Each structure stands twice: as C-alpha cells, then as structure tokens.
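Me: I am new to reading protein models. Please take me through this one.

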Amino acid sequence: MLYVFVLMPLAVMLGDLGGGGGDAVPYSLALSCGMGAAVNVLLVWAATCFVRAVAADLPVCRKRRTAVR
C-alpha cells in the first residue's frame, strides 16, 4: 500500500515514469530504496508486535485448556 499511495505518486511528480528514456530523475533510486527500507521496517515491527501479543496470551490460553479436576 505504501508503494501504491506514496512511491508511485512521488515518482510521477518527479517525472520518472519508467519509460527507459535515460533521463530519469536521480532521486527515484534513492526514493525507491528508502521506501523499500521503510516497508521492511514496518513489516518487522508488525511481526514483533504480533509475536509479543501471542507470547503474552499463551499462558492464559494454556490455563484455559487444562482440565479441571
């Protein structure tokens, strides 16, 4: 989503349409790498939050699954 809503409009505004004409804006590569890095950081952050949430709820779930004697 970040690529579609941020990177593509910025590339169009900067004039890099990917036509291969050789006159691409030099900022497009840095912008692509920067946005790619931002996406990777957000994915790692989301995965970390998910793992922490599961780890916090795991003991509660195990207590519920044990048979009452």
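Reply: Here is a short tour, from helices to surface. This is a predicted model: local features need pLDDT of at least 70, side-chain atom pairs count only at pLDDT 80 or more, and totals for chains, interfaces and linings use all residues. Residues are numbered from 1 along each chain as its sequence is written, and side-chain values use heavy atoms, leaving out hydrogens and water.

Me: How many helices and strands are there in the protein?

Reply: Helices (H or I, at least four residues) and strands (E, at least two) are DSSP runs, numbered from the N terminus. This protein has two helices and zero strands.

Me: Is serine 32 buried, exposed or partly exposed?

Reply: Buried means under 20% relative accessible area, exposed over 50%, partly exposed in between (1.4 Å probe, protein chains only). Serine 32 has 36%, so it is partly exposed. Serine 32 sits in helix 2. Its C-alpha lies 9.0 Å from that of alanine 11, 21 residues away in sequence.

Me: And where is valine 54 found?

Reply: Valine 54 is in helix 2 (residues 27–65). It is partly exposed, because its relative accessibility is 39%.

Me: What share of the residues is buried?

Reply: Buried residues make up 7% of the 69.
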